[in-house]
Amino acid sequence: MPETPAKDGKDPVTATDSDDDWEDESSSSPESMPTAPLLIRGLTADGASSSNSESAVDDSEDLPDRDFAKARKVQKKRDERLEARAKFSKVQRLLPFQFCPNVRPLTISDLESCVALEDAAFANPAQRCTRDKFAYRLSTCPELCLGLFCTVVPDQAQDFDIETLKVAQPVETGRNDGARSVLLAHIVSTRSNDLIVTDAAMDYPRDYRTSKTNTSGLGHQDGGQTICIHSLAVHPKLHGCGLAKLLMKSYLQQIKNSEMAPHVALLCEDYLVNFYERFSFRHLGKSIAVFGGGGWHDMVEKESEIAGSVTWLFTSDVWAHGVRADGQTDGEMRLTLHFSRSRLR
């Protein structure tokens with residue numbers, strides 16, 4: 001899915017934060033920690049002994065079961081808050097306003113923000129999702145598209161110039177401070193009957209506004225068993241802050257919880273293969289897709305159980321592979337190897 005951000009401004013399926021997203025969060029600087037002391041097993045957050053505990057021994061196990069469970073629940077919430085502060089400390093240092101991420105589905109009203117983010121994320125225009133494609137995807141299958149937003153009061157943005165702020169929608173009608181919901185990262189996808197992302201999946205039917213049924217074989221396929229991620233974009237000024245990781249994890253969890261489809265696939269450039277493998281994607285090799293100049297690699301979610309077929313398509317001078325999730329093939333020049341319920345590992 002060639003419409004993805006890139007390293008130094010160029011790349012496919014993801015204006016990703018690269019491997020910087022995977023740095024050990026426990027190494028976050030002290031300034032990311034809460035300013036108020038956090039009591040953990042007799043120690044405060046700064047390592048000093050607390051006044052009501054003289055040792056680091058956890059004596060909570062002596063509490064009644066009900067009180068013990070409550071204490072554990074409180075401690076878990078404290079740990080989560082501490083982890084969240086450490087996780088977002090890097091992005092917060094870059095922003096002159098408070099970073100309070102809001103992950104929500106995208107709608108057609110987010111069209112201008114998506115276009116602005118995509119243009120900023122991809123240096124190569126050929127690899128960008130066009131305005132027409134965004135309009136098609138956000139109106140046809142918005143439930144497959146996710147955005148990471150942050151509420152920003154324009155007066156607090158100071159010198160932080162980000163393209164999506166200029167086209168952001170107001171948070172609330174009539175709000176005195178003019179706060180806007182600014183898009184920082186997005187994932188845009190469609191459904192497909194193929195297991196891998198194809199050029200047909202990345203295209204769209206030109207008559208989608210007037211035709212109720214898509215018979216072209218292009219773009220979103222209702223009932224398709226594969227979610228094709230076409231764009232994972234993070235604004236370049238926020239690369240390396242873990243936003244791609246945050247959004248991708250949220251997206252895959254949403255797909256899993258809703259049982260939308262058994263497979264998730266994408267295209268990426270070679271230097272991003274390792275990045276996606278950390279999300280349990282399996283590298284299937286070089287893709288035959290030529291969108292944006294080609295050179296892509298096929299990635300399919302590793303845990304997907306496949307009941308389909310691998311198809312070898314003979315062309316004039318090469319054998320190129322294609323994979324079908326529904327087991328169907330077409331054309332006389334195809335040799336298909338059928339298999340069922342094997343795991344990609």
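Colleague: What should I know about the numbers before we start?

Modeller: This is a predicted model, so to speak of local features we need pLDDT of at least 70, and side-chain atom pairs count only at pLDDT 80 or more, while totals for chains, interfaces and linings use all residues. Residues are numbered from 1 along each chain as its sequence is written, and side-chain values use heavy atoms, with hydrogens and water left out.

Colleague: Fine. How many residues of strand E6 are buried?

Modeller: Six of the six residues in E6 (263–268) are buried. Buried means under 20% relative accessible area, exposed means over 50%, and partly exposed is in between, with a 1.4 Å probe and protein chains only. Strands (E, at least two residues) and helices (H or I, at least four) are DSSP runs, numbered from the N terminus.

Colleague: Which residues point which way from E6?

Modeller: His263, Ala265 and Leu267 point one way, Val264, Leu266 and Cys268 point the other way, and all are buried. In a regular strand the side chains alternate between the two faces of the sheet.

Colleague: In what sense does E6 pair with E5, and over how many bridges?

Modeller: E5 and E6 are parallel, with four bridges; two strands pair if DSSP finds at least two bridges between them. Isoleucine 227 has valine 264 of E6 as its bridge partner. From E5 the chain crosses through helix H7 (residues 243–258) to E6, and this β-α-β crossover is right-handed. Right-handed here means that, with the strands pointing away from the viewer, the path from the first strand over the helix to the second runs clockwise.

Colleague: And E6 with E8, parallel or antiparallel?

Modeller: Antiparallel, over four bridges, with E8 covering residues 297–301. Alanine 265 stands opposite valine 300 in E8. Arginine 282 also stands opposite valine 300, and five bridges join E7 to E8, which run antiparallel.

Colleague: Is E8 covered on one face or on both?

Modeller: Both faces: His297, Met299 and Glu301 on one side are buried, and so are Asp298 and Val300 on the other.

Colleague: Switching to cores. Which residues touch the most other members of the largest nonpolar core?

Modeller: Phe99, Leu184, Met248 and Tyr276, out of 46 residues in that core. A nonpolar core is a set of buried Ala, Val, Leu, Ile, Met, Phe, Trp, Tyr and Cys residues joined through side-chain atoms within 4.5 Å. E2, E4, E5, H7, E6 and helix H8 (273–277) each supply at least two residues of this core, and H7 gives the most, with eight residues.

Colleague: What is Met248 in contact with?

Modeller: Leaving aside neighbours within four places in sequence, methionine 248 is in contact with Ile187, Ile229, Leu232, Leu266, Tyr276 and Phe279. Contact means heavy atoms within 4.5 Å. There is also a second, separate core of 19 residues, which includes Cys114, Ala121, Ala135 and Tyr204.

Colleague: Ala135, which helix is that, and what covers the helix?

Modeller: Ala135 is in H4 (residues 131–140), whose buried residues are Lys133, Phe134, Ala135, Tyr136, Arg137 and Leu138. What covers them includes helix H3 (111–121), strand E4 (180–192), helix H6 (199–202) and strand E5 (226–234).

Colleague: Single residues now. Where is glycine 147, and what does this glycine touch?

Modeller: Glycine 147 is found in strand E2 (residues 146–152) and is buried, with a relative accessible area of 0%. Beyond neighbours within four places in sequence, glycine 147 is in contact with Asn102, Val103, Arg104, Leu106, Leu183, Ala185, His186 and Leu247. The C-alpha atoms of glycine 147 and leucine 184 are separated by 7.6 Å, with the two residues 37 apart along the chain.

Colleague: Which residues other than glycine have a positive phi?

Modeller: Glutamate 259 and serine 280 are two of them. Glutamate 259 has a phi of about 55° and sits in the loop between H7 and E6, where this glutamate counts as exposed at 69% relative accessibility. Phi of serine 280 is near 70°; serine 280 is in the loop between H8 and strand E7 (281–286) and counts as partly exposed at 28%.
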